[in-house]
Each structure stands twice: as structure tokens, then as C-alpha cells.
Amino acid sequence: RAQCLDKYPVNIQNNTVNMLRLATLALCLGLASLCDISVKNVGQVAFTWHIEYAGNWDYDKTLEAGQHDNYECACVPHDMKIIVGEDFYCYHYMNCLDNQDFEVEVTDYAVYINVGHSNVEMCVV
């Protein structure tokens, strides 16, 4: 009986290590999976939308009036920019994990970035 008691703490320790390994594997698989976002130009002015993660995974797409684009991204936070002309951009920090559908409108006065019927970013031109 004393022999079983000696082994019991080792079994708990092994189970804890295995649980940590399993949790780490699940986290890595979740980060490696892809999420999907879309961006639609709901205005009349063309713009380029740019997305990147930590200075990498750059993607650019110019959208004319009425056009939309889908983008598969890692399920982590990203930097998104709506670029208008050569010297202006509107920055929005977002997470691809949310799988959002963005609607963007560029006017003479501002850039509006919406998700559904809610404005998530407005940049005055």
C-alpha cells in the first residue's frame, strides 16, 4: 500500500504535463487555422485596403465602387489600412478571429469603416 502512495504524486505530475502539452497543441492548431474577412467598397471613391500581421503577411487590394474582396488570414490580430491617394490612410486594428464583413466608404470628408450597421472607425480626411 505504501508503494501505491509513493507513485500517486508522479501520476498527477505526468497528467499535468500531458494536459499542458495538449493545451499547447490546441492553441498552436487554432493559431494556424485560417479565418476569413471581407471588405466591400460601399462608396463611390476607389481605395486600396492593406492588411498585415507584425510587419509580415502583407496583402493589398484596390477596390472600385461596389467591389468586394475576401481574404483568408491567420486567426490573430492584424493591422488594416484603407489607403486613399498617395498620402492618406485610415488605420484600424482588428482581429481576423472575428470573421467580420467590413463595409468601407470614402467621402470628401472622412473614411468610414463599418461592420454591419456599426461604425468601428472614422478618419477625417
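A disulfide here is a pair of cysteine sulfur atoms within 2.5 Å. In general terms, such a link is a covalent bond between the sulfur atoms of two cysteines. The structure is a predicted model, where local features need pLDDT of at least 70, side-chain atom pairs count only at pLDDT 80 or more, and totals for chains, interfaces and linings use all residues. Residues are numbered from 1 along each chain as its sequence is written, and side-chain values use heavy atoms, with hydrogens and water left out.

A search of the whole structure turns up three disulfides. With bonded cysteines counted along the chain, they follow the pattern 1-3, 2-5, 4-6.

To start with C35 and C75, their sulfur atoms sit 1.9 Å apart. The torsion about this S-S bond is about 115°, so the disulfide is right-handed. C35 lies in strand β1 and C75 in the loop between β4 (68-74) and β5 (77-84), so the bond ties together parts that are 40 residues apart in sequence. Strands (E, at least two residues) and helices (H or I, at least four) are DSSP runs, numbered from the N terminus. C35 has 6% relative accessibility and counts as buried, and C75, at 8%, counts as buried as well. Buried means under 20% relative accessible area, exposed means over 50%, and partly exposed is in between, using a 1.4 Å probe and protein chains only.

Next come C73 and C96, whose sulfur atoms are 2.0 Å apart. Here the torsion about the S-S bond is about -115°, so this disulfide is left-handed. The pair links distant parts of the chain, with C73 in strand β4 and C96 in the loop between β6 (88-95) and β7, 23 residues apart. Both of these cysteines, C73 and C96, are buried.

That leaves C90 and C123, joined by a disulfide with an S to S distance of 2.0 Å. Its torsion is about 70°, so the bond between C90 and C123 is right-handed. Once again distant parts of the chain are linked: C90 is in strand β6 and C123 in strand β9 (residues 118-124), 33 residues apart. C90 is buried, and C123 is too.

Now for the sheet. Five strands form an open sheet in the order β4-β1-β7-β8-β9, and the pairing is mixed. β4 and β9 stand at the edges with a single partner strand each, so one side of each has no neighbour in the sheet. From one strand to the next, the twist averages 20°; for such angles, axes are lines fitted to C-alpha atoms (for helices, over the stretch in contact), and the angles run from 0 to 180 degrees between N-to-C directions.

Two strands count as paired if DSSP finds at least two bridges between them. β1 and β4 pair in the antiparallel sense over seven bridges, and L34 has A74 in β4 as its bridge partner. Strand β1 (residues 34-41) also pairs with β7, this time in the parallel sense over four bridges, with V39 standing opposite F102 in β7.

On to β7 itself. Five bridges join β7 to strand β8 (residues 110-115), and these two run antiparallel. They form a hairpin with three residues between them, and V106 stands opposite V111 in β8. In a regular strand, side chains alternate between the two faces of the sheet. Strand β7 (residues 101-106) has a covered face made up of F102, V104 and V106, and an uncovered one with D101, E103 and E105.
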